[in-house]
6 protein chains.
Amino acid sequence: MSEQGGKSERYQRGIKLVEKLYGEVAAKTLNSLQDGAPQLADYIVEFVFGDVFSRPQLDLKSRELATVAALTALGTAPAQLRAHILGALNAGCSKQEITEVIAQMCVYAGFPAALNGMQAANEVFAAGAAKKA
Amino acid sequence: MSEQGGKSERYQRGIKLVEKLYGEVAAKTLNSLQDGAPQLADYIVEFVFGDVFSRPQLDLKSRELATVAALTALGTAPAQLRAHILGALNAGCSKQEITEVIAQMCVYAGFPAALNGMQAANEVFAAGAAKKA
Amino acid sequence: MSEQGGKSERYQRGIKLVEKLYGEVAAKTLNSLQDGAPQLADYIVEFVFGDVFSRPQLDLKSRELATVAALTALGTAPAQLRAHILGALNAGCSKQEITEVIAQMCVYAGFPAALNGMQAANEVFAAGAAKKA
Amino acid sequence: MSEQGGKSERYQRGIKLVEKLYGEVAAKTLNSLQDGAPQLADYIVEFVFGDVFSRPQLDLKSRELATVAALTALGTAPAQLRAHILGALNAGCSKQEITEVIAQMCVYAGFPAALNGMQAANEVFAAGAAKKA
Amino acid sequence: MSEQGGKSERYQRGIKLVEKLYGEVAAKTLNSLQDGAPQLADYIVEFVFGDVFSRPQLDLKSRELATVAALTALGTAPAQLRAHILGALNAGCSKQEITEVIAQMCVYAGFPAALNGMQAANEVFAAGAAKKA
Amino acid sequence: MSEQGGKSERYQRGIKLVEKLYGEVAAKTLNSLQDGAPQLADYIVEFVFGDVFSRPQLDLKSRELATVAALTALGTAPAQLRAHILGALNAGCSKQEITEVIAQMCVYAGFPAALNGMQAANEVFAAGAAKKA
């Protein structure tokens, strides 16, 4: 989708960030797009991470917490919410910062949204604990 | 709605926070509820601010940024989004932190949501500038 | 859109209900559709009111309260919410039943949704009071 | 999160209602919150049930039907919708009242929302029938 | 739900379209409604397909693509999205037209919505390939 | 936001499309972003129109109709819906194709969403008629 040269710089910047924040989770998602919509994989690396998340005007911790808040409130993307809870941990957020933000969403999107957000967090935290054990 | 004694402590804690973050904007909202649903005004002061926002486990800046992210993404409450953009400023966020979070929502809730969020921010920033002038 | 004969029975049943519940408000909405999408006006009279709302298995009061709950929670249709608050009153709901249902939505869709619902109710109640005075 | 004395009264009132309406389903949800966000469990018992649902101005049947309508329309919380369909039965609603409200949501939130709501109802009704058999 | 005579014409027109577009998938959905909400099955055949989709003013390909766009953006009905991706194929859309529309939704409803839409498409395409093999 | 050289090609391609589809409406939106979030203006030109809408795999008519469907269903962005109704006309859609798609959304997102979509269409059509007169 991007012109030669253009692609490489934005792509390189983006893919580094993707690997740092989400590890294997992201590779799986990007691969699943190769058959049907390879442009969507490019957009995610180049635009979402190479452009938006790479802007130095806001730190990655704040970016991931804002995303956790939004996806908890929307309630329509549990898999992506789990990915960004992992990304928030990898960006340096504590578990407590994450659960406080999720719990607070009961005020803005209702208790069912906050409860489903907490279930996502519990799954990510449990998977992390299992890995370390 | 709350038992005697119980009300005063949660309410006192909450109303202080409401006044600090939103000033006159909040008073207007709370008054508008007195006729039809006075319990809703109590819930906002006691529960939202006396309970949720008063927890010391997360700072007010992060709480307001998370709310700005969620309300921008939901896109259904422009007046409350404006109130929380003001609250974010009063909690110590810079204008740039706020606009970065709002712009980032184009990734999670689409460009129309981010554009409407930016319009809300521009209105709040313009009103603040008018006040100072 | 409906076959002759078929249309008249469902339509007659529907239009009576529309007039009973919403009066002039509905006439205005149905007229506004005549230019661009007259089929939508037919669907509303025949399907929504001639079919769905006419089923005797649930009373009109419960139907209108359920609609007020849903539109408050969705938060995307303030004009239609106002129409159904009026419809709830005309179906025999008290103002208090309506405001309790709206306030309760803070639990399921967040406080901004409940606040916007209460503003809609206040506008409908004020218009009604103005008419009587 | 609540002050001593204050907590016990609201909590006692709330937990009785929770047990009456949802039985074991609720215990499981509240327990799952103890690790990550125990405050959310307190809010649900004290605020949602001790404050909001305990108000005598609206009967529990109407409160549960309104919740079933809202969660069907939002379509983002199938587990909580099932819990409230059970709560509606335990509050005295007939199966027919519940299915009429869910079916009516096709008008306000579209047919997919109504279909998913009916699937939730069928699951709850089947589980209840299995229990009795 | 419809008067004699009225039902048969709208129903016949609708059920033919349902069978053409969705095959067995639709029969299963319509059957699942017979116990709890048989009126909903009638509404789907008579109203959705006998009335709305049967209007000659827009071709079935465009109707199905518009539905794929809307359900991808809403993100709350994955089963119905899969049904309409199948319907789009049966109405003559190419796989590429479908994936382009889904990918484009990243702009209007965010990347998580587009990613979940692509997963739905991959499942439908894989099931079709399995059938042919 | 984009590297030199990279920007110009994607930007040139995007801005031509923006001007063709939306005329002055777009210029106003892009200008309003210059103070607070100039990167968002760049993303819209480069990414939304230079990347996504410029892909030749789907014609502009289908892209605009899909967007009209999605924004009508979401119901949270009336100004952007109006812009894309104009864009659909400029891409070659007839008024009837647009109103059929909007009316069809009553099935997937409810009647209030379809009614609000029709109001948006009526406003755009009336403004166009006024211009010609």
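B:Pro112 has a relative accessibility of 6% and counts as buried (under 20% relative accessible area; exposed is over 50%, partly exposed in between; 1.4 Å probe, protein chains only). This is a predicted model, in which local features need pLDDT of at least 70 and side-chain atom pairs count only at pLDDT 80 or more, while totals for chains, interfaces and linings use all residues. Residues are numbered from 1 along each chain as its sequence is written, chains are lettered from A and ligands numbered from 1 in the order in which they are written, and side-chain values use heavy atoms, leaving out hydrogens and water.

B:Pro112 belongs to helix α7 of chain B, residues 111–132 (helices are DSSP runs of H or I, at least four residues, and strands runs of E, at least two, numbered from the N terminus). Beyond neighbours within four places in sequence, B:Pro112 contacts E:Val107, E:Tyr108, F:Leu71, F:Ala77 and F:Gln80 (contact: heavy atoms within 4.5 Å).

Over all chains there are zero disulfides, a disulfide being a pair of cysteine sulfur atoms within 2.5 Å. Two cysteines are tabulated below.

| Cysteine | Closest cysteine sulfur | Distance |
|---|---|---|
| E:Cys106 | B:Cys106 | 9.5 Å |
| F:Cys106 | D:Cys106 | 9.5 Å |

The sulfur of E:Cys106 is too far from that of B:Cys106 for a bond. E:Cys106 is buried at 0% relative accessible area, and F:Cys106 is buried at 0% as well.

Chain E superposes on chain D by a rotation of 120° with 0.0 Å of shift along the axis, RMSD 0.0 Å (least squares on the C-alpha atoms of residues with pLDDT of at least 70 in both copies). This is the relation of a three-fold axis. In chain E, the residue closest to the rotation axis is E:Thr76, at 3.6 Å (C-alpha).
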